[in-house]
Amino acid sequence: MKARLLVRLLALVVFPAIPRLISGQDAPSQTRLRGFVDFTATASSQRGTPSSFGVGQYVMFLTSPLTERISFLGETVVEYDEQFVVDVERILIAFSPNRYVRVVAGKHHTPIGYWNNAYHHGVLLQPTISRPQMFRFEDEGGILPIHTTGVLVSGRDLSRWHLGFDVMVGNGIGSSLIEDNNNAKSVTVAFSTQITSALQIGASAYRDRIAAGTRGLGPEPLSEEVDQTLMGGFVAYSRERVELITEYQHVANHGRFTARTSGNDAFYAYGGYQLGKLVPYARFDALRFSKEDPYFTPNDNRQLLLGARYDVAATVSTKLELGRRKTSEAGSVKFFSLQVAVGF
């Protein structure tokens, strides 16, 4: 009888207080909804590829402080891929015990490198029309695990060196938004430092075991488990008129039963110079694959593009690019792109 009374007392007094202890006071309702969309015209010298107009991703970006310490972020995209599809690209619930540390659960952009966390799905915010080849999204043939569903612990602006870290455990490659396709979990560790207000450098590592039967980047599903390890780093510099970003990732894939191991390399370098609202820029991309890789389809890729960005306003940007891409499969192709991107 006394035990039951104690349980009821805990239920009535202690349990309702736990959320307040964790979250602090309720935050005022400040839910914000932003949107992004872009319109692009393209032309290419590749045979069988006509010039065309296209509407890019229609991005709905929502943020909401739920309490003083808990917040929500959602990023949903509507895009056309043979038919209109809706993709939940990010959905995050964050707990911030202080201004230095956060614990975040949900679907994230995997904390590898710089571009993947600085620029998300609203192309208005990124300096070029498209993402670097190495950071293309998974459904566009990208080679890296751009998204991960899991739990992230991150820290920022720690010590006088302004150190930052990310430690993440999540579902692996080939998994869905709601479940993993095997018991192995992906692990990501990243560190960075804001050396000066203009210069940031960082490094990251990623490890996952890809299940047999997962549809990789080859023509057939994987016939064996593959251990994948990513190691890379970046340097980003932005001061007054100058913009410089360069990143490198080494991807090692190891077949569990055939014992095939390969090394693959991904790199890009971007530079821009601001002249008022006009920013001329250039970017070089390179992907190099091992011919014996158990996960990738070997298709080396080199690309050079020259462009100019004109920021009409904070919410309107136009970009013009001329470039040349050379791949093992398609050879050399010249291309032209013109884009108008807006935020609202």
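Predicted model: local features only at pLDDT ≥ 70, side-chain atom pairs only at ≥ 80, totals over all residues.

Residues are numbered from 1 along each chain as its sequence is written, and side-chain values use heavy atoms, with hydrogens and water left out.

**Pockets**

- A pocket is an open set of points on a 1 Å grid over the protein atoms alone, where a 1.4 Å probe fits and protein lies on both sides within 12 Å along at least five of seven lines; lining residues have an atom within 4 Å of a point.
- The largest pocket has a volume of about 1300 Å³, a volume being the space filled by probe spheres set on the points, which are joined across faces, edges and corners.
- Its lining consists of 39 residues, and Thr40, Thr42, Ser130, Arg136 and Glu140 lie nearest the centre of this largest pocket.
- The second largest pocket holds about 740 Å³ of space, and of the 41 residues that line it, Arg102, Asn117, Ser154, Arg156 and Asp166 are the closest to its centre.

**Salt bridges**

- A salt bridge is counted when a side-chain nitrogen of Lys or Arg lies within 4 Å of a carboxyl oxygen of Asp or Glu, and by this rule there are eleven salt bridges.
- Asp227 forms a salt bridge with Arg209 (2.9 Å, N to O), and this pair links distant parts of the chain, since Asp227 is in strand β11 and Arg209 in strand β10, 18 residues apart; strands are DSSP runs (E, at least two residues) numbered from the N terminus.
- Asp227 also meets Arg256 in a salt bridge (3.3 Å, N to O).
- Asp227 is buried, with a relative accessible area of 5%, whereas Arg209 is partly exposed at 29% and Arg256 is partly exposed at 37%; buried means under 20%, exposed over 50% and partly exposed in between (1.4 Å probe, protein chains only).
- Arg207, Arg209, Glu225, Asp227 and Arg256 are linked in a network of salt bridges.

**A buried residue without a salt bridge**

- Asp38, in strand β1, is buried yet has no salt bridge, and the nearest side chain of opposite charge, Lys319, is 8.5 Å away; Lys and Arg count as positive and Asp and Glu as negative, while His and the chain ends are not counted.

Conventions
Helix = DSSP H or I, 4+ residues; strand = E, 2+ residues; numbered from the N terminus.
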